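The following exercises are to be worked with the sequence and the coordinates at hand. Each task is followed by a solution in steps.

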Amino acid sequence: MNLGQTFTKGERIFHQKEIDSLFKEGSSFRSYPLQAVYMAKKPLSGFPVSILLSVSKKRFKRAVKRNRIKRLMREAYRRNKQTLWQSDFIQDKGMLIAFLYISRETCKYETMEAAMKKALDKIAANYVS
């Protein structure tokens with residue numbers, strides 16, 4: 001499968017069954033301003049890794065701010081996913097990951113990218129074969 005620096009619809013978690021099992025059985029940690037919930041399971045989409053991005057409507061009432069934060073999260077993931085995708089374990093078993101934005105304020109892209117790199121490195125380190 002071509003790694004590239006793309007982020008397609010197939011890389012997103014959208015089945016309720018996958019979302020429920022991820023939050024019920026997954027492990028989590030914080031990489032401020034993100035919280036990552038992850039578990040080793042082959043996604044139904046056929047991609048080795050599928051992700052979910054979430055920004056609280058309670059903290060950010062305006063959709064404009066929520067969408068901006070999700071856009072930053074998607075871009076940071078898209079540009080740094082190769083660290084995770086190169087693992088043999090991930091290619092064989094698959095991975096479901098949810099990124100939750102936990103800060104009460106918006107952040108700059110540099111902060112988001114640093115947090116995303118840290119989170120992806122930590123997940124990859126847990127599953128090095």
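**Exercise 1. Overall dimensions**

What radius of gyration would a compact globule with 129 residues have, and what value does the protein have?

Solution. The model is a predicted one.
- Step 1: for 129 residues, the rule for a compact globule gives a radius of gyration near 14 Å.
- Step 2: the protein has 14 Å, which agrees with that expectation.
- Step 3: the C-alpha trace spans about 40 × 30 × 25 Å along its principal axes.
- Step 4: of the 129 residues, 47% are buried.

**Exercise 2. Secondary structure**

State how many helices and strands the protein has, and give their pattern along the sequence.

Solution.
- Step 1: the protein contains 5 helices and 4 strands.
- Step 2: read along the sequence, these elements follow the pattern α-β-β-β-α-α-α-β-α.

**Exercise 3. Salt bridges**

Identify the salt bridges and describe where the partners lie.

Solution.
- Step 1: side chains of opposite charge can pair when their charged atoms come close.
- Step 2: the cut-off is a side-chain nitrogen of Lys or Arg within 4 Å of a carboxyl oxygen of Asp or Glu. By this rule there are 2 salt bridges.
- Step 3: one of them joins Glu11 to Lys81, with the closest N and O atoms 2.9 Å apart. Glu11 belongs to the segment before α1 (16–25) and Lys81 to the loop between α2 (63–80) and α3 (82–85), so the pair ties together parts that are 70 residues apart in sequence.
- Step 4: Glu11 counts as buried because its relative accessibility is 1%. Lys81 is buried as well, with a relative accessible area of 0%.
- Step 5: Arg78 forms a salt bridge with Glu75, and here the closest N and O atoms are 2.7 Å apart. These two residues are 3 residues apart in helix α2, so about one helical turn separates them.
- Step 6: Glu75 counts as partly exposed, at 29% relative accessibility.

**Exercise 4. A charged patch and a cis peptide bond**

Which residues form the positive surface patch? Which residues does the cis peptide bond join?

Solution.
- Step 1: the positive patch consists of Arg30, Lys57, Lys58, Arg59, Lys61 and Arg104.
- Step 2: Arg30 is located in strand β1 (residues 27–31). A residue is exposed when its relative accessible area is over 50%; Arg30, at 59% relative accessibility, therefore counts as exposed.
- Step 3: the cis peptide bond joins Tyr32 and Pro33, with omega about 10°.
- Step 4: Pro33 is found in the loop between β1 and β2 (34–39).

**Exercise 5. Two separations along the chain**

How far apart are the C-alpha atoms of Ile102 and Glu25, and what is the separation for Ala63 and Phe14? Is Ile102 buried or exposed?

Solution.
- Step 1: Ile102 and Glu25 are 77 residues apart along the chain, and their C-alpha atoms are separated by 20 Å.
- Step 2: Ile102 lies in the loop between β4 (95–101) and α5 (109–126). The cut-off for a buried residue is under 20% relative accessible area; Ile102 has 15% and is therefore buried.
- Step 3: Ala63 and Phe14 are 49 residues apart along the chain, with 20 Å between their C-alpha atoms.
- Step 4: Ala63 is part of helix α2. With a relative accessible area of 37%, Ala63 is partly exposed.

Note on methods
Residues numbered from 1 in each chain as written. Predicted model: local features only at pLDDT ≥ 70, side-chain atom pairs only at ≥ 80, totals over all residues. Heavy atoms only, no water. Patch = residues over 30% accessible without salt bridge, like charges linked within 9 Å, V, L, I, M, F, W, Y side chains within 5 Å. Areas by Shrake-Rupley, 256 points an atom, 1.4 Å probe, with all protein chains shown as cover. Lys, Arg positive; Asp, Glu negative; His and termini not counted. Charge placed at Lys NZ, Arg CZ, Asp CG, Glu CD. Buried < 20%, exposed > 50% of the residue type's maximum accessible area, 1.4 Å probe, protein only. Rg over C-alpha atoms; globule rule 2.2 N^0.38 Å.
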